[in-house]
Amino acid sequence: MRAARLIKMVLLLQSRPSMTAAELARELEVSERTVTRDAQALSEAGVPVYAERGRAGGYRLVGGYRTRLTGLARSEAEALFLSGVPGALREMGLEDAASAARLKVSAALLPSLSDASRAAAQRFHLDAPSWFTEPKTPELLPAVADAVWDDRRVVARYRRGDSDVERELEPYGLVLKAGVWYLCARVADHDSFRVYRIDRFTAVDPAASDERFTRREDFDLPAFWEDRAEQFARSILRAEVVVRVSPEGARRLPYAVDPTAAREALELAGPPDGDGDRWVTVTLPVESEEVAHGQLAGLGPEVEVLAPASLRARFTRDATRLAALYRP
């Protein structure tokens with residue numbers, strides 16, 4: 001346990017100019033006193049760690065000291081080769097760089113770990129696009145990816161309805177969601193972060209003099225995306241329906257409609273009916289009556305629509321037609 005912590009401490013100090021005891025304690029999930037003891041142990045073992053006192057002080061490595069990758073365990077080496085997604089790297093124009101990096105890492109590994117790349121590739125493959133779609137790589141994706149890696153402002157034009165809109169953007173990060181590429185960017189004029197579908201860009205040009213921007217240290221791409229995705233999912237649920245569902249219908253409901261909305265609706269549902277079949281009544285947020293009709297139809301006899309009356313009438317007509325089709 002301590003050996004793994006000491007290695008992590010060296011790698012942390014190797015990746016940054018210096019770190020305070022508090023920062024190391026937070027990263028290593030130990031006390032500052034333990035950090036002090038670990039630093040002393042590393043120094044005694046020959047790792048050149050030293051501490052600077054004072055307001056701007058902290059721990060650092062002397063003289064550009066670098067550790068080697070020969071201490072990687074097999075599971076760690078294999079996990080390292082899983083960190084790249086070949087298809088996504090290829091679409092961003094980074095396949096050559098990723099290939100060179102993998103070769104360099106392979107060369108640094110012990111001979112006993114030389115097959116880690118092949119072992120990982122044979123055990124894991126990420127197929128990002130959803131089923132029954134033919135994903136297309138946006139033509140401007142490599143240009144956007146270059147700007148993201150270089151922290152370079154761009155002037156982007158994109159389709160919004162029937163017109164084109166031009167914005168100066170600070171591209172912070174890329175997200176691949178179900179085969180669709182999105183850009184998370186800060187709009188300089190509005191001082192706000194927004195999400196853009198890259199396949200809707202019609203032009204991406206460097207801003208004046210290839211100007212670079214300074215990233216906000218508090219920006220967290222995964223957290224930002226999760227928050228925006230949840231906002232989007234909730235924003236399209238503008239209508240409500242009231243339904244009765246059987247126990248089997250309740251189990252299948254999160255797979256038929258928005259999962260979060262279904263689970264929250266079921267949690268707020270009252271007690272089961274008193275007629276012995278244990279059906280429950282739920283008020284369910286939906287995108288529209290038309291969408292709800294298609295989604296709930298998949299639950300068949302495990303759901304009964306109570307409101308609105310127009311949606312119940314749709315299901316009444318469906319039931320009448322089905323009965324006619326299956327009449328002996």
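Is methionine 9 buried or exposed, and at what relative accessibility? At 0% relative accessibility, methionine 9 counts as buried, where buried means under 20% relative accessible area, exposed over 50% and partly exposed in between, with a 1.4 Å probe and protein chains only. This is a predicted model, in which local features need pLDDT of at least 70 and side-chain atom pairs count only at pLDDT 80 or more, whereas totals for chains, interfaces and linings use all residues. Residues are numbered from 1 along each chain as its sequence is written, and side-chain values use heavy atoms, with hydrogens and water left out.

**Methionine 9**

- Methionine 9 lies in helix α1, residues 2–15; helices (H or I, at least four residues) and strands (E, at least two) are DSSP runs numbered from the N terminus.
- Leaving aside neighbours within four places in sequence, methionine 9 is in contact (heavy atoms within 4.5 Å) with Leu24, Leu28, Val35, Asp38, Ala39 and Leu42.
- The C-alpha atoms of methionine 9 and aspartate 38 are separated by 8.4 Å, although the two residues are 29 apart along the chain.

**Arginine 153 and its surroundings**

- Arginine 153 is found in the loop between α8 (141–150) and β3 (154–160), and it counts as buried because its relative accessibility is 14%.
- Beyond its neighbours within four places in sequence, arginine 153 is in contact with Glu168, Leu169, Glu170, Pro171, Pro206, Ala207, Glu211, Arg212 and Phe213.
- A polar atom of the arginine 153 side chain lies 3.4 Å from the backbone oxygen of arginine 212.
- The side chain of arginine 153 also makes a polar contact with the side chain of glutamate 170, at 2.8 Å; a polar contact is a pair of N or O atoms within 3.5 Å, where within protein one must be able to donate a hydrogen and the other to accept it, and residues adjacent in sequence count only if both atoms are side-chain atoms.

**Salt bridges**

- The count comes to 16 salt bridges, each defined as a side-chain nitrogen of Lys or Arg within 4 Å of a carboxyl oxygen of Asp or Glu.
- Arginine 153 and glutamate 168 meet through their side chains in a salt bridge of 3.8 Å, N to O; glutamate 168 lies in strand β4 (residues 163–177) and arginine 153 in the loop between α8 and β3, so the pair ties together parts that are 15 residues apart in sequence.
- Glutamate 168 counts as partly exposed, at 29% relative accessibility.
- Arg153, Glu168, Glu170 and Arg186 are linked in a network of salt bridges.
- The side chains of glutamate 290 and arginine 314 meet in a salt bridge of 3.1 Å, N to O; glutamate 290 lies in helix α12 (residues 289–297) and arginine 314 in helix α13 (residues 309–325), so this pair ties together parts that are 24 residues apart in sequence.
- Arginine 314 counts as partly exposed, at 23% relative accessibility.
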